[in-house]
Amino acid sequence: MKIKAIVFGASGMIGSGVLIEALAHPSVEAVLSIGRSTTGVQHPKLTEIIHKDFTDFSAIEDQLAGYNACFFCLGISSFRMSEEAYRRITVDFTKKAGEVLSRLNPEMTFCFISGAGTDATSNTMWARVKGEAENILKTFPFKQVFLMRPGYIQPVKGVKSKTKLYSIIYFFIGSLYPLWKRLFPKIVSTSEEIGLAMIHAVLHGYEKETMESIDVVELAHRHNLS
């Protein structure tokens, strides 16, 4: 099986890690990146579309057909955000992408980056809104939908956060990552493992629609390239 994937949010930390794995993987034939800014990456497999309005894809809809995977990594921290603003990015953008892509590509596998602790019934704003986005995705007629809920993600292979404060935190925590991995194996993963888990989910499926961090790591290592 060959994968033709659409990646949302490839200029962000998680998305850039997923993009690295997708471009390197022999089963990935083509990648279409859709974002509001360029990734800065040049690769024979990669096509980029700079798109500003994620509530309206009509201007680029004719370029979105013919894909069998979507790696949806578009997101933002809820820190200091109103619920309305956070919902617009987390729910509205996801819903519109799901509507368009499920209509154009009904055989698509849609992989969505959610977060550990997501719960549509939670009193915590971000968890409730993320849960709303998850529930909406389940209603679309995709071949498969996988909801990935990573906890702490360690950027590797040169991946960096676009937020300066987070970059500093990751820099200092990075040297302690092996210890974190041993102490908290259920909530710790790397950007590489996120990307591989998405690819393996498309190629091989998975027994759980909703994957916690430990499931993501397990799937990433379940199917070795060797």
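The model is a predicted one.

Start with the overall form. The protein has 226 residues and a radius of gyration of 16 Å; a compact globule of that length would have a value near 17 Å, so the two agree. The C-alpha trace spans about 45 × 45 × 35 Å along its principal axes. Of the 226 residues, 50% count as buried. Contacts reach across the sequence. Among those between residues at least 6 apart, 67% join residues at least 24 apart. The protein exposes about 10,800 Å², and carbon and sulfur atoms supply 55% of that area.

Now turn to helix H6, residues 191-204. Its 14 residues reach 20 Å from first C-alpha to last, close to the 20 Å expected at 1.5 Å a residue. The helix is largely enclosed by the rest of the structure, because 11 of its 14 residues are buried. Buried here means under 20% relative accessible area. The buried set begins with Ser-191, then takes in Glu-193, Ile-194, Gly-195, Leu-196, Ala-197, Met-198, Ile-199, His-200, Ala-201 and Val-202. Just after H6 comes Gly-205, with a positive phi of about 75°.

His-200 deserves a stop. This residue lies in H6. Its relative accessible area is 2%, so His-200 is buried. Which residues does His-200 contact, leaving aside neighbours within four places in sequence? They are His-25, Gly-205, Leu-219, Ala-220 and His-223. Two of these names return in helix H7, residues 213-222: Leu-219 and Ala-220 are among its buried residues.

Next, the charged pairs. Side chains of opposite charge can pair when their charged atoms come close. The count comes to 12 salt bridges. One of them belongs to H6. Glu-192 forms a salt bridge with Lys-157, the closest N and O atoms being 3.3 Å apart. This pair links distant parts of the chain, since Glu-192 sits in H6 while Lys-157 sits in the loop between strand E7 (152-154) and helix H4 (164-174), 35 residues apart. Glu-192 has a relative accessible area of 27%, so it is partly exposed. Lys-157 is also partly exposed, at 49%.

Helix H2, residues 83-104, holds another pair. Glu-83 and Arg-87 both lie in it, four residues apart, about one turn of the helix. They form a salt bridge whose closest N and O atoms are 3.1 Å apart. Glu-83 is partly exposed at 29% relative accessible area. Arg-87 is partly exposed too, at 23%.

Where else does Arg-87 pair? Its side chain meets that of Glu-132 in a salt bridge, 2.8 Å from N to O. This link joins distant parts of the chain: Arg-87 is in H2, Glu-132 is in helix H3 (residues 125-137), and 45 residues separate them. Glu-132 has 27% relative accessibility, so it counts as partly exposed. The pairs belong to a network of salt bridges that links Glu-83, Arg-87, Arg-128 and Glu-132.

How values were computed. Residues numbered from 1 in each chain as written. Predicted model: local features only at pLDDT ≥ 70, side-chain atom pairs only at ≥ 80, totals over all residues. Heavy atoms only, no water. Helix = DSSP H or I, 4+ residues; strand = E, 2+ residues; numbered from the N terminus. Expected span 1.5 Å × (residues − 1). Buried < 20%, exposed > 50% of the residue type's maximum accessible area, 1.4 Å probe, protein only. Contact = heavy atoms within 4.5 Å. Salt bridge = Lys/Arg side-chain N within 4 Å of Asp/Glu carboxyl O. Rg over C-alpha atoms; globule rule 2.2 N^0.38 Å. Areas by Shrake-Rupley, 256 points an atom, 1.4 Å probe, with all protein chains shown as cover.
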